[in-house]
Amino acid sequence: MASKNPRIENCGAILSSLVESLKHHHHSLSKKKLSGKGKVLLRALYGVKVKTLYITSVFAAVFSGSSNNLLYLTIPKEMEEVPWAQGFMELQNMVNPEIKNAFLSDRFTVIKDLEAVELGVKKLHTAVQEGSDTNVLVEVLKKSVMELSERFDLVSKETGCLLKTVISSR
């Protein structure tokens, strides 16, 4: 967590290029004369791309520690009639401000809990190598791991709700 990962550092540029690719996909979709089934398939693929790109931007923002990587994607007028468009826009309008507020208030507790566990493991490792008493460190580490586990359970539950929402909007 403490080290800089070049893949995460460069994700903003990659996400921007994917947004451009998404615009190109929509532009080519609107110009093609397709059968009903072909149009449905391409619209479905467009929806998958939009949702995947948005979810990826959320992860990129959190892992990079920068809300600059958080995307706000718009649905072109021609695509607004797809069943998922309104739900997707509502999701962005609800999630994006929450994430930006979390950055402002420094509330990414799952990552902080993960860092606390990592620090606890390092301290315990050092104490074991030195032959020091580890009872206090083990208790602190145990508490950190339990807090992290509770937060992951909450994230898992919320991710499950998001998955159900995405599936039902299809």
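## Overall architecture

Helices are taken here as DSSP runs of H or I with at least four residues, and strands as E runs of at least two. On that basis, the protein chain of this predicted model has six helices and zero strands. Its pattern along the sequence is α-α-α-α-α-α.

The chain has 170 residues, of which 26% count as buried. When contacts between residues at least 6 apart in sequence are considered, 63% of them join residues at least 24 apart.

## Helix α3

Helix α3 covers residues 36-64. With 29 residues, α3 reaches 41 Å from its first C-alpha to its last, close to the 42 Å expected at 1.5 Å a residue. Just after α3, glycine 65 adopts a positive phi of about 75°.

Several residues of α3 are buried, including Tyr46, Gly47, Val50, Leu53, Tyr54 and Val58. Lys51 also belongs to the buried set of this helix, as do Ser57, Ala60, Ala61 and Val62. A nonpolar surface patch is formed by Ile55, Phe59 and Phe63, which together have about 300 Å² of accessible area. Isoleucine 55, located in α3, has a relative accessibility of 34% and therefore counts as partly exposed, since that class lies between the 20% and 50% limits.

## Aromatic pairs and cluster

Three aromatic pairs are found in a search of the whole structure. In one of them, the ring centres of tyrosine 46 and tryptophan 84 are 6.5 Å apart and the planes meet at 35°, so the pair is classed as tilted. Tyrosine 46 belongs to helix α3, whereas tryptophan 84 lies in the loop between α3 and α4 (85-105); the pair therefore ties together parts that are 38 residues apart in sequence. Tyrosine 46 counts as buried because its relative accessibility is 2%. Tryptophan 84 is likewise buried, with a relative accessible area of 7%.

The rings of tyrosine 54 and phenylalanine 88 have centres 5.6 Å apart and planes at 85°, so this pair is edge-to-face. Because tyrosine 54 lies in helix α3 and phenylalanine 88 in helix α4, the pair ties together parts that are 34 residues apart in sequence. Both tyrosine 54 and phenylalanine 88 are buried. Tyr46, Tyr54, Trp84 and Phe88 form one aromatic cluster.

## Helix α6 and tryptophan 84

Helix α6 spans residues 135-169 and contains isoleucine 167. This isoleucine 167 is partly exposed, at 48% relative accessibility. The C-alpha atoms of isoleucine 167 and tryptophan 84 are separated by 9.7 Å, although the two residues are 83 apart along the chain.

## Salt bridge in helix α5

The count of salt bridges comes to one. It joins the side chains of glutamate 118 and lysine 122, with an N to O distance of 4.0 Å. Glutamate 118 and lysine 122 are four residues apart in helix α5 (residues 109-130), so about one helical turn separates them. Glutamate 118 is partly exposed, with a relative accessible area of 31%.

Conventions: Residues numbered from 1 in each chain as written. Predicted model: local features only at pLDDT ≥ 70, side-chain atom pairs only at ≥ 80, totals over all residues. Heavy atoms only, no water. Buried < 20%, exposed > 50% of the residue type's maximum accessible area, 1.4 Å probe, protein only. Contact = heavy atoms within 4.5 Å. Patch = residues over 30% accessible without salt bridge, like charges linked within 9 Å, V, L, I, M, F, W, Y side chains within 5 Å. Areas by Shrake-Rupley, 256 points an atom, 1.4 Å probe, with all protein chains shown as cover. Expected span 1.5 Å × (residues − 1). Phe/Tyr/Trp six-rings, centres within 6.5 Å; stacked < 30°, edge-to-face > 60°.
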